[in-house]
Amino acid sequence: MNKYLEQLVGLSQIDQKIDGYAPRIDAINKDLNTKKQEIESFDADVAAIDEEIAEIKVQIGSTNVHIAEFNAKIKDVAKKSATLKTEKEIKALNLEEELAKDQLEAANEEIERLERIIATKEDNKTELAAKKETAAGELTMLEAKVADELDAIKAERDVIYADKEKLLAGMDKKVLTFYEKIRKWAKNSAVVPVRKQACYGCFMRINDKTYANVLKSDEIVTCPHCGRILYSEEAPKETQDGAIETETPAAKKTASKKTTAKTATKKSAKKADEE
């Protein structure tokens, strides 16, 4: 394989590994971020419950004001009853007193109901606090695990970067510029293999001449369709005289058909002569 082409293949493989670190790191951090979000959700739920409790306490305060008014009204009715003379006045005052007592009873029941709601919400807060504590413990263990995995990736990445720097130091600047120009749009498929006479970047079939040049690997060859740099994963085959066999499968198939047709023609001519 051409020296520059071999360098480009190696550089492409290194860049693929380097670009692969970001999704690996994201995958490692995913569980960690999920756990952090879980803990944040517990805090948000507790804050929401505290807000609801505060609103209920306002309702209780308002109801207590009404209870005080009802008690005052009942006392006032008791005072008025001593001064009443007619049956009609007494009856009206009794109805007023009964209404005040009913309202007082309803208000007390409402306070009891609101206090039960507060108690339930306090229990929910306690439950959330316990869940948060468990999640916090899991987060601590997860952080330690993630730190170890990230350290391992960093060490691995440092080695890859060192290999890249070493490779770049020995590369021709023009070849490197050419590669980077293609990599801008092709990303990690700037350098691709040819398989079954097709570019494995755009998956289009390449012509016989280009395919033969790829097999020779004497120079840098680009795909005529997409412009990616091509290389052969297989070692070139040699003919009996030691030359590199560059005839493509398509060419071999055509040649085979021609040979078969030529042989058939000779046989027909020989048979005609004999007759």
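Which residues are buried in helix α5 (residues 208–216)? I started there, bearing in mind that this is a predicted model. I found Thr210, Tyr211, Ala212, Val214 and Leu215 buried in α5.

**Ends of α5**

I looked next at the N-terminal end of α5, which Asn207 caps. A side-chain oxygen of Asn207 lies 3.3 Å from the backbone nitrogen of Lys209. Then I checked the backbone just after α5. Ser217 takes a positive phi there, about 60 degrees.

**Cysteines**

I searched for disulfides and counted zero in the structure. Cys223 is in none, and its nearest cysteine sulfur, that of Cys226, is 3.7 Å away. Cys223 is buried, with a relative accessible area of 4%. Cys226 is buried too, at 18%; the cut-off for buried is under 20%.

**α2 against α3**

I turned to helix α2 (residues 21–81) and helix α3 (residues 87–169). Their axes come within 6 Å and cross at roughly 165 degrees. α2 is therefore roughly antiparallel to α3, since angles over 145 degrees count that way. I noted the handedness as well: α2 passes α3 in a left-handed crossing. What classes of residue make up the contact of α2 with α3? I logged 32 nonpolar, nine polar and 27 charged residues.

Key. Residues numbered from 1 in each chain as written. Predicted model: local features only at pLDDT ≥ 70, side-chain atom pairs only at ≥ 80, totals over all residues. Heavy atoms only, no water. Disulfide = S-S within 2.5 Å. Buried < 20%, exposed > 50% of the residue type's maximum accessible area, 1.4 Å probe, protein only. Axes fitted to C-alpha atoms, helices over the stretch in contact; angles between N-to-C directions. Helix = DSSP H or I, 4+ residues; strand = E, 2+ residues; numbered from the N terminus. Parallel < 35°, antiparallel > 145°, perpendicular 65-115°, else oblique. Left-handed = near helix turned anticlockwise from the far one by under 90°. Nonpolar A, V, L, I, M, F, W, Y, C, P; charged D, E, K, R; others polar. Polar contact = N/O pair within 3.5 Å; in protein donor to acceptor, adjacent residues only side chain to side chain.
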